Amino acid sequence: MASKLGEMLVKAQLITDAQLEEAIKVQRREGGKLGSIVVRQGFCSDQDIVSFLGMQYGVPAADLDQWPTIEPSVVALVPAELANKHKVLPLQRSGNVLTLAMSDPTDIFAMDDVRFHTGYNIDPVVSSEMGLVRAIERYYGGSSALKLRDDQGRRAPQQNRAASQEAAAPSFNRAAFDEAADEALDLKGLEEELEGTDTTYETLQDDEENINANALQKGSEEAPVVRLVNMVLIDAIRKGASDIHIEPYEKHYRIRFRIDGLLQEVMRPNIKLKDPVTSRVKILAKLNIAEKRLPQDGRIKLRVNLGGQAKVIDYRVSVLPTLFGEKIVLRLLDADKLMLDLTKLGFEPESLEQWDRQIAKPYGMILVTGPTGSGKTNTLYSSIAKLNQVDVNILTAEDPVEFNFAGINQVQMKEQIGLNFAAALRSFLRQDPNIILVGEIRDFETAEIAIKASLTGHLVLSTLHTNDAPSTISRLMNMGVEPFLVATSVNIICAQRLIRRVCSKCKAPDPHQPPPEALLKVGFTDEEVRRGITIMKGAGCDVCGHKGYKGRVGLYEVLEMSETLKDMILTGASAIELREQAIKEGMITLRRSGCRKVIDGITTIEEIIRETVL
């Protein structure tokens, strides 16, 4: 823009040709912007340049020396590093539009950078570069390489005027600003809770490309919104949360953690923070911050040092447009919490024996069913980890790939380019597989290919969303799969739920033991009631956060296909009939699995009633 600006200034008779040539010589020798050099040389004033650029580009002009005091919350939207880099200053915010003072209103790179960082649309106003430098120093503190010089004619009055205006303007107290911003964000309680935990963190990118941790640290110190998001991510790890819910409503804004399967409200930030917080999470997850109408999915990778123990946590991010803003749910994927030992998941001994027997077969279909968050992926991963040998080729199609395993070929689904479960399965069959894991059977096409693969010498593991094991048969047939294909391909079905464990630190016999008739109604047998059942309960302690529960355990309903059940499928038996026959053959239902865990003192009656039915 330099030569173009010089020519325009000459054409407007603000400077002469000789002055332009001298300014260009200074620019070549010392560097810097031509407009700033022209002012420093005393050829024209700041306001001459500003007024001229405003008329030339059709944008408003702003004299920052006369501008009213800018609100700290607006200043905090743009970090000092970004303001100094582009010589820009946020002036005010209206809705999703941020008014930005710039020396060059045509600098689309600066506008894109600020738009990307804040999530707001940019409305530029033109200001002099020298005025911006003074304002940035006033609001952000520190010093700048650009200084006014008073060693020539017209420059001294200009500086004196600026100095008097700067003295008249209220000084910016950085400490007071941070304190006020933290109080508005309600960070102090969370910071006090995190003190002394020896916690550090940095965000990571896939493909071994690390985000600059120092830049992230600087940004978190200067932008309370960034610090709030970082603290929420860290606190969720410390509290053992599986999900983070960030939810905007008409008159309030809340953050909840799902801990041991139940949602707990942890914070209610100011409603004004919903857009900045959403933008910050989207930036970390590499999502489009300008798109607010469509759902988006992304991923954040965070390297954390908690008490000297380093770990990498993945956050699966889902953004959903709602009536009052975008709701964000982050699923925490902690590889350290992945239990790959089938004997420790909660299987009853006889159910585990059936499961081990069927996954050891060379072909057939293994199905795990249950709602979202019931531990299906953990069961499948544990199964293929047991089967993972050097002489076995294992291929997985997942959406998303939650954890990485050595020796297993994992494929991430990408619907936008046509890579779905059905397409992946077709390719898998040309990859000489022994075992195939399909993340989920969602439609007839995927189900048909998976079943045909299981009938042609491959072991296929997959998941479905059904309420219990027998209902899975009906679900497959409702998709359009022929009964004879279901009967011949399916080896075993496992329905599961996750319930909370009684805290081992504070558990004790419940002083209010239920009467025998109540136990019978829950699902305990006459023999169990006659023998006597001691119900355990957690009194509440520091370990469990005074909840009485700590950790979760699985309930498993394992349906192994017998010849009788296969004949019933071929004759069109209902899910109820299949269930009755399976119980006769010894199937342990979800409710009975829960009752056994109550007898063993692992959980409570309230928990099994919450997750299962008779």
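Which side chains meet in a salt bridge at 2.6 Å, N to O? They are those of glutamate 348 and lysine 597, a salt bridge being a side-chain nitrogen of Lys or Arg within 4 Å of a carboxyl oxygen of Asp or Glu. This pair links distant parts of the chain, 249 residues apart: glutamate 348 lies in the loop between strand S10 (325-334) and helix H15 (349-359), and lysine 597 in helix H25 (residues 590-599). Helices (H or I, at least four residues) and strands (E, at least two) are DSSP runs, numbered from the N terminus.

Colleagues, a word on the basis of these values. The model is predicted, so local features need pLDDT of at least 70 and side-chain atom pairs count only at pLDDT 80 or more, while totals for chains, interfaces and linings use all residues. Residues are numbered from 1 along each chain as its sequence is written, and side-chain values use heavy atoms, with hydrogens and water left out.

Let me stay with lysine 597. Both glutamate 348 and lysine 597 are buried; buried means under 20% relative accessible area, exposed over 50%, and partly exposed in between, with a 1.4 Å probe and protein chains only. Lysine 597 counts as buried because its relative accessible area is 3%. Leaving aside neighbours within four places in sequence, lysine 597 is in contact (heavy atoms within 4.5 Å) with Gly346, Glu348, Val553, Gly554, Leu555, Ile602 and Thr603.

The structure holds 31 salt bridges in total. Another of them joins the side chains of glutamate 402 and arginine 316, at 2.7 Å, N to O. Here too distant parts of the chain are linked, 86 residues apart: glutamate 402 is in the loop between strand S12 (394-398) and strand S13 (409-412), and arginine 316 is in strand S9 (residues 309-322). Glutamate 402 is buried, at 13%, whereas arginine 316, at 25%, counts as partly exposed. The loop between S12 and S13 also holds proline 400, which a cis peptide bond joins to aspartate 399, with omega about 0°.

A further salt bridge pairs aspartate 468 with arginine 579, at 3.3 Å, N to O. Salt bridges that share partners also join Glu247, Arg254, Arg256, Glu265, Arg268 and Lys327 into one network.

I turn to the nonpolar interior. In soluble globular proteins, nonpolar side chains tend to be buried together. A nonpolar core is a set of buried Ala, Val, Leu, Ile, Met, Phe, Trp, Tyr and Cys residues joined through side-chain atoms within 4.5 Å. The largest has 40 residues, and those with the most contacts inside it are Met365, Leu367, Ile441, Val490 and Leu559. Leucine 367 touches, among others beyond four places in sequence, Trp355, Ile441, Leu464, Val490 and Ile492.

Which residues of helix H17 (residues 421-428) are buried? They are Phe421, Ala422, Ala424, Leu425 and Phe428. These residues lie on the same side of H17 because they cover an arc of only 160° around the axis, the arc being that of the directions from the helix axis to the C-beta atoms. They pack against S12, S13, strand S14 (435-438) and helix H18 (444-454).

Aspartate 432 has a positive phi of about 50° although it is not a glycine, and at 64% relative accessibility it counts as exposed.
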